[in-house]
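Grab your viewer and try each task before reading on.

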Amino acid sequence: MKQSAHWISRILRGTGWVVAIACSIVLLAGFGGAFHPALDSLALLRIPAAAGCLILTLLLARPRALVWSGAGVSASVLIVLGAARMMAGPDGQGITIYQKNLWAGNVANRALIADIRDSGADLVMLQEVSDRNFPLLALLEDDYPYQQFCRFSAWSGMAVLSRFPALGDGICSDGRGMAGLRVEGPNGPVWALSIHLHWPWPHGQARQVARLLPQLDALEGPVIIGGDFNMVPWGYSVRRVAAATGTQRVGQRRPTIYPYGVPLPIDMVFAPTPGRNERRPLFGSDHYGLVARVAAP
């Protein structure tokens, strides 16, 4: 019996180490999005991988030096990500942004329209503006007379709505991805962008971002973005968009969609200045909305 228990213990320990090593590989590979988009997809697993590594290394009591090294790395990743979630920035004053993926099957939801109005938003960024919910734009026209809508298919459209006067015509990306409007903000011209990225590898997010970057680089002046990035804030694709526009994520990292019960913070607002955000209800969508308040750039 003792010998059987000994072999069972060794098998369990060996299995634990195999899982811990695999977990560590996933965690470290998720930092390699600059090398291949498949590695950027692994960034979605960074928090569960770090937590799994931490638990496994603490359970595996020998050798202690390796155990505590692995636990330290995993704990550090969790602390950094947790700190990023808590750093909301100072109270923003100047511009209020409403960000929402409508969901293509949604209709022009009256509760959503009322929520947008009640938020006091100056800029509204919408994704999945479809044939079904397109009337929403007309219903908001009295409050937001300056609008840019880009239709990419019957279900895939993006829109920017503004209280601020528009400065010239708006822009659309060459393929699905972006609608933009240059407006006269409180301190001067600002580009307002609505962005919707594809899902990451094996889907086309990396190629889509590569096509968008030249257009983003060419924008003059400050930029404010609201979007469904289909990627977590620390993903390489998101960081490339932020770098190209000179922006930072506004407010706390908040889950906005729960596929298969997994909380993903993929809807975000970016601006040159810090601020705060709050989550808004679903209103018939599969995405929660965000209201962000930032200092006017």
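Buried means under 20% relative accessible area, exposed over 50%, and partly exposed in between (1.4 Å probe, protein chains only). This is a predicted model, where local features need pLDDT of at least 70, side-chain atom pairs count only at pLDDT 80 or more, and totals for chains, interfaces and linings use all residues. Residues are numbered from 1 along each chain as its sequence is written, and side-chain values use heavy atoms, with hydrogens and water left out.

**Exercise 1.** Work out how Asp 131 and Arg 151 meet, and what parts of the chain they link.

*Solution.* 
- Start with the contact: their side chains form a salt bridge at 2.5 Å, N to O. The criterion is a side-chain nitrogen of Lys or Arg within 4 Å of a carboxyl oxygen of Asp or Glu.
- Helices (H or I, at least four residues) and strands (E, at least two) are DSSP runs, numbered from the N terminus.
- Then check accessibility: Asp 131 has 47%, so it is partly exposed. Arg 151, at 43%, is partly exposed too.

**Exercise 2.** Find the partner of Glu 278 at 3.1 Å, and the network around the pair.

*Solution.* 
- The partner is Arg 293, with 3.1 Å between the closest N and O atoms.
- Glu 278 is in strand β11 (residues 275-280) and Arg 293 in strand β12 (residues 289-295), so the bridge ties together parts 15 residues apart in sequence.
- Now widen the view: Asp 115, Glu 278, Arg 280 and Arg 293 are linked in a salt-bridge network.
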